Number of protein chains: 4
Amino acid sequence: MDIFTELESEVRSYSRSWPVVFNKAVGTTMYDEAGNEYLDFFSGAGALNYGHNNPQLKKALLDYLSGDGIMHSLDMFTSARRDFLEAFDEVILKPRKLDYKLVFPGPGGANAVEAALKLARKVTGRESVVNFTNAFHGMTLGALSVTGNSLKRGGAGVPLVHATPMPYDDYFDGDYPDFFYFERLLEDSGSGLNLPAAVIVETVQGEGGINAARVEWLRQLSELCKKHEMLLIIDDVQMGCGRTGDFFSFEEAGIVPDIVCLSKSISGYGIPMALTLIKPELDIWQPGEHNGTFRGISPAFVTGAEALRRYWSDDELRDATIAKGLRVESWFNTIAAHYPEHKLFAKGRGLARGLQFPSGELADAVCKAAFERGLLMETSGPEGEVMKILPALTITDAELDRGLRIIDESVRAVLGEPEANDTADLNAENMENAPA
Amino acid sequence: MDIFTELESEVRSYSRSWPVVFNKAVGTTMYDEAGNEYLDFFSGAGALNYGHNNPQLKKALLDYLSGDGIMHSLDMFTSARRDFLEAFDEVILKPRKLDYKLVFPGPGGANAVEAALKLARKVTGRESVVNFTNAFHGMTLGALSVTGNSLKRGGAGVPLVHATPMPYDDYFDGDYPDFFYFERLLEDSGSGLNLPAAVIVETVQGEGGINAARVEWLRQLSELCKKHEMLLIIDDVQMGCGRTGDFFSFEEAGIVPDIVCLSKSISGYGIPMALTLIKPELDIWQPGEHNGTFRGISPAFVTGAEALRRYWSDDELRDATIAKGLRVESWFNTIAAHYPEHKLFAKGRGLARGLQFPSGELADAVCKAAFERGLLMETSGPEGEVMKILPALTITDAELDRGLRIIDESVRAVLGEPEANDTADLNAENMENAPA
Amino acid sequence: MDIFTELESEVRSYSRSWPVVFNKAVGTTMYDEAGNEYLDFFSGAGALNYGHNNPQLKKALLDYLSGDGIMHSLDMFTSARRDFLEAFDEVILKPRKLDYKLVFPGPGGANAVEAALKLARKVTGRESVVNFTNAFHGMTLGALSVTGNSLKRGGAGVPLVHATPMPYDDYFDGDYPDFFYFERLLEDSGSGLNLPAAVIVETVQGEGGINAARVEWLRQLSELCKKHEMLLIIDDVQMGCGRTGDFFSFEEAGIVPDIVCLSKSISGYGIPMALTLIKPELDIWQPGEHNGTFRGISPAFVTGAEALRRYWSDDELRDATIAKGLRVESWFNTIAAHYPEHKLFAKGRGLARGLQFPSGELADAVCKAAFERGLLMETSGPEGEVMKILPALTITDAELDRGLRIIDESVRAVLGEPEANDTADLNAENMENAPA
Amino acid sequence: MDIFTELESEVRSYSRSWPVVFNKAVGTTMYDEAGNEYLDFFSGAGALNYGHNNPQLKKALLDYLSGDGIMHSLDMFTSARRDFLEAFDEVILKPRKLDYKLVFPGPGGANAVEAALKLARKVTGRESVVNFTNAFHGMTLGALSVTGNSLKRGGAGVPLVHATPMPYDDYFDGDYPDFFYFERLLEDSGSGLNLPAAVIVETVQGEGGINAARVEWLRQLSELCKKHEMLLIIDDVQMGCGRTGDFFSFEEAGIVPDIVCLSKSISGYGIPMALTLIKPELDIWQPGEHNGTFRGISPAFVTGAEALRRYWSDDELRDATIAKGLRVESWFNTIAAHYPEHKLFAKGRGLARGLQFPSGELADAVCKAAFERGLLMETSGPEGEVMKILPALTITDAELDRGLRIIDESVRAVLGEPEANDTADLNAENMENAPA
């Protein structure tokens, strides 16, 4: 591995947790060069919702490449782009009665966020944006300014301004009414809060520790935005594309954001792509006012369109994701109940799930133990205190259970075997899947 | 084309110049759905230096995809990443005796720039950066703040600060000594210039109008940076990967920047990828301080490594690029000489070439005329007054000449046939290739 | 009055409420050119704590001026400056065992605040500052950025950044624990709050609506600052110099701020002067790093020193101020009790007192009615909903009662005569002074 | 002097150069407590243009104070304010056919500058301002951002943004055309210069080293501002009130700025006061949008009005100032001619005069030598390399000559006696006053 450590910057991180060289992957399984198998509960940080090298997408991609289809086209019209647009319109927008225009903002999630912030500021003529505690929106300067993590913010090298953090749902463990502070600041002309152009929010904070906002909270936030004429930007980069069940994570709340950011799994195959959806009345951009080289990557259009048609023409994937998510929750609740003294607790929605530990050290130790047992997962949260899983939505029940068993073993390896009576009061429903 | 105009934001631009739907491309030729052929002198804005669907790269890519190699891996160790690192080290760094560490900053050129600016600020503890008139570095907030174009800057929606523009080479047509103003400000403690963390510069400004800095100017800039302890960042996103002849555009000047940004053609196949090269002593980042989802796109590694080995193991491509560039220059000089009253003039270096017109309208009209004749090229410069070509480096001489003839015809179509005696004094060397 | 309205900018404000031309003033009485008398409950917004043309200060001033003492000296050593320093040391600092160094930051309160912010940032190396809802700290750019009022903030013309507002004491009417949000943000490394260099606070928010923080709240704030190594800046520009009773408004809380800002009544005679007190260990400035023309205005030193010796060598003024303040509070409570349906309530500490109305219109109408009856007072609060009085600390009991009676009459004129039984339950103590 | 050094912050500066305690002053003479006399060529950094304790102004002030006139009134109407307005209108504005509205922005020059910048930004809706190399506009955050000196800028503790420095007149010793760079940036939409709201400039840079702009340069700047719709702000805080001869320093250039900042000598007696003059069409402020406690200091109005009527009702002071300025210039030229090897040279306009030395050390040594000989003057310029004098405009010829002789002696004490033949070619006019 010398070439990696010699040539790459110290900024690399995942390779420190998983010091092996991967070379192949299919579905939910990754392989290293020594032939070892790993069950992947990380899924490219949510970029591989349909698994590695999904065979149906792979076929479409190989066909396209073999036929010398356009690979790269900026924002030129191409057949592949049209096909993607048609699929997105027919499979996603129309059935949901959503009226959005599409911006191809560049190849990554941060580009989708940067475009959203730029447009919100242009439309409103205001600079300030409200973000939430423990938000993560990306590493470019605009996206970073609305991100919470202090290590990452510190990397900016300039003061990050124009954003004010507000408490995310349940930031005070339910002790205070939602938005009591935000609303008060908005209504008080002496509060010192610059009136925001927009509010940017994740429905479930992935990097922030798998914090899932309640739908009531999202609805109230949407109302608050309307009342104070702030644009609502949903960053669905990690939680969109079915991660929580529905294609958009905000569907369950019945809200319609002004701007939506998509990336990660939108291409379905791990190829860089991003989308910013904007309400038509916000489309005041001049041609070329926002641009970029990697806005028309046809392989991403091809696999993206295929994924939409394959997985979103009916509710099968959605329903399965919700069911699997509940299964994970049961397991996590059971594990948590084993260790009442550690106050573990389960978090999340859909197949974005977390198990919160009292410290980052413990959560990290569990992930290490799982890696030794052939499972890939990472921690999140400000102190890395949340064990986080993002399995492929296409994972089989057997694979899911295998992974959950490894997690259970790993927790036991770190925290010790639970005392017998700790599990006495577990409810029956959980027990059938739960570890003894 | 209804689906495009209905669903896409008004921000789209290239599709306005070229209102056809492309579906295939090989080498330097693109095809639309009606079967029309276009000679591509645009090359994905420099992202396709080795042509569309380059057969050797295509084979490597298809083999990799067929074998279920890892597609997406963030910064995990993978075989594909190692192979790319080895190729980059052996083919690029070692022969040039360059000692850089590699940062994979995200999928696009703006990510490479954002990472460079962040690191420069972190290392020096200063915020301010010097950029140059008519610079273009990207559309994310950090990159945009060092970009010159006022339309694009205006899109930010927040004041762009922390950057001070200095005159690029020849900004005053040679009337003033190089850096006379910049150096004076640096040496004058009362100048009001915040001491910059870094200077960011393109060796040839592509978007800015194909302005090619002289090597003496680059050398002086490098000296100035050393003298005042500012880091020198070369943005080689468009001009690197052989666009000017050498792999790095700064090689000819014999300078060694502190930080180098690469993207566009680094993957060789139009797949998003970017690199930030940093001197080892600048590698003070903590693990994960800069990160991102699309930092380990294996298909890009595969085609990128193949391209490096195929085209940079010897000087053939480099020498051919320089020769072809001179050929273009001759043609452009000849065309310019036909219209002394319009004061056209040729610009550029290597195969980044421009022909400056007195107005954006004329340059645009020539591009339109060329499109009607089956040639794709765009304008650049602050007013779009420069006709700009970036042919694939792998273009054949015949294709190049065919394109140049179309350009000549297009200029004639717009400006009228030159008077006979206008060409009387053209030098012999130019005449052999030049239009009659 | 034509010359005023013709020549002065529309930005003038007080002259709109009191459209007469004043020409003389003694103690608590002002006179207009027509010879009308006004009882002054405004006192130069707190710059005239010892009354207009206080005879003892006047004598010292006339003597000094007659003797051709130095008038203006920047930061040169002068006899007048020494005398002021000695008086401040002996009368103020030593008896309170306070160890501060003095900065003369310029002539006004905003200069004191600007110097405080600059020093706090220099000492800590951080940019961000926490201010409070409804804070007022001045109109220069640095001071304005920590001010709450949106009209005034909007006047900046640039985004005001580097400051984050936190809820002031009782911002939520006691519904939530103090600092629950601020502390949570500080302790959560993912909160998105840039670690502040300092916290700047008024112990009683004058412009913000006569909001008086409880001493427990101030103590907790002081502890929070120590715990998180933020500097505590008390802006005592309006509330210092005895306005709340003690010379410093924070004495009652038993805290020792890192930096204290004084101005307004520090000269005692309405002559511009400001002071920034800093703990000795913060004195890291280089000579001249902060300077200004009006830092050594000797007449201000002369009247200032005289005022300190006359009024602060014993507790008489302090005790009288507190007693008068309580008297005002009783009256205001009584008035409020007359109108339960309007939910008026009394606010404030010492002789900074307010009566909150349900709307700015009502409070304004009462001030207008009082002006017609010969009393000067203004409104404050974000919507101007608080009737605010700042009588001279040297006001006689008779004058105070006369003014309070005018206020009572004015409230009746606006809200109507109270119903008889509304006053039935007023406590006996209040009744003896209160209106029938 | 213990009390000074013990109690005052290390930021104090003048007291380091002149370590005596001053106690009296009349006209151009200051006295220390030991009874020593000093000829004052510093004049409160320009705040004492009519000398110390000017008897006519003193009489008006004592009369006013004795009569219990209003001292402090914010922006209330007062007799003293009206009298000042009338004097300013009749003596200054009307004779010059200037149509300005007056803003009383606060007590000091920085307030005048802050108000000017705020209004310019509000009127234009732009944030950026152009300032000039070696500018000095004040120490509050807004004013500091347009100031050049790096020590003072560094004191801000936050990045100073929104301002771009341009070369002041003669910044390149006449080697380049005026505004060649500024104009180019404005006309080039790709320059990266944010279009400025305003240009702020001193006609003579006092702190910057007594750099006097030529009237042609000022005229061109005014034209440039009109052409590009930028507001022109003249900071006449130090150079106005007759310092260069005319009341306004820009009169000689025949230009009419959009906004003018006055302070320092506007009260005539060293009492803090400032004015911002704005063209009527710019008066878009809402009442109270900019305010402040010390905007109506009547003693300043009284002495200010008296000074205007006494000194500006005819051309006597103006003409005398210009004559004295030329006299100083002659002397300085003569002194410079004595030391050709040191390349001294005379700078300035009116009675703002400088003698530039090759280093700050030499200029400082000359000031020290002068102090020992009873003359007060300071250095300026980025390295303190300019010996700077600002005598009272009311200085007698005898006093002026006495001071100039001390300067000559001091230079000789530092640089040595000039060689005999060095003075051989001095012209006759200079010789009569010049040192042998």
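This is a predicted model: local features need pLDDT of at least 70, side-chain atom pairs count only at pLDDT 80 or more; totals for chains, interfaces and linings use all residues.
**View 1**

**View 1. Where the domains of chain A meet.**
In chain A, 24 residues of domain 1 are in contact with 24 residues of domain 2. Together the two domains bury about 1700 Å² between them, and carbon and sulfur atoms give 49% of this area. There are 13 residue pairs in polar contact across this interface, counting pairs with both residues at pLDDT 80 or more. On the side of domain 1 that touches domain 2, the elements of chain A that give two or more residues are the helices α3 (43-46) and α12 (316-338) and the strands β13 (345-349), β14 (352-356), β16 (378-380) and β17 (386-389). The residues on this side of domain 1 of chain A are ten nonpolar, nine polar and five charged.

**View 2. A salt bridge between the domains of chain A.**
Two salt bridges are counted between domain 1 and domain 2 of chain A. A salt bridge joins the side chains of Arg349(A) and Glu252(A), with 2.5 Å from N to O.

**View 3. The axis that relates chain A and chain B.**

**View 4. The contact between chain A and chain B.**
Here 106 residues of chain B are in contact with 106 residues of chain A. The two chains bury about 9400 Å² between them, with 64% of it on carbon and sulfur atoms. The interface of chain B and chain A holds 46 residue pairs in polar contact, both residues of each pair being at pLDDT 80 or more. Helix α5 (residues 79-93) of chain B gives the largest share of the side of chain B that touches chain A, seven residues. That side of chain B divides into 52 nonpolar, 29 polar and 25 charged residues.

**View 5. A salt bridge between the chains.**
Eight salt bridges are counted between chain B and chain A. The side chains of Arg82(A) and Glu33(B) meet in a salt bridge, at 2.3 Å from N to O.

Note on methods:
Residues are numbered from 1 along each chain as its sequence is written. Chains are lettered from A and ligands numbered from 1 in the order in which they are written. Side-chain values use heavy atoms; hydrogens and water are left out. Contact means heavy atoms within 4.5 Å. Buried area is the accessible area (1.4 Å probe) that two parts lose on being put together, summed over both. A salt bridge is a side-chain nitrogen of Lys or Arg within 4 Å of a carboxyl oxygen of Asp or Glu. A polar contact is a pair of N or O atoms within 3.5 Å; within protein, one must be able to donate a hydrogen and the other to accept it, and residues adjacent in sequence count only if both atoms are side-chain atoms. Helices (H or I, at least four residues) and strands (E, at least two) are DSSP runs, numbered from the N terminus. Ala, Val, Leu, Ile, Met, Phe, Trp, Tyr, Cys and Pro count as nonpolar, Asp, Glu, Lys and Arg as charged, and the others, Gly among them, as polar.
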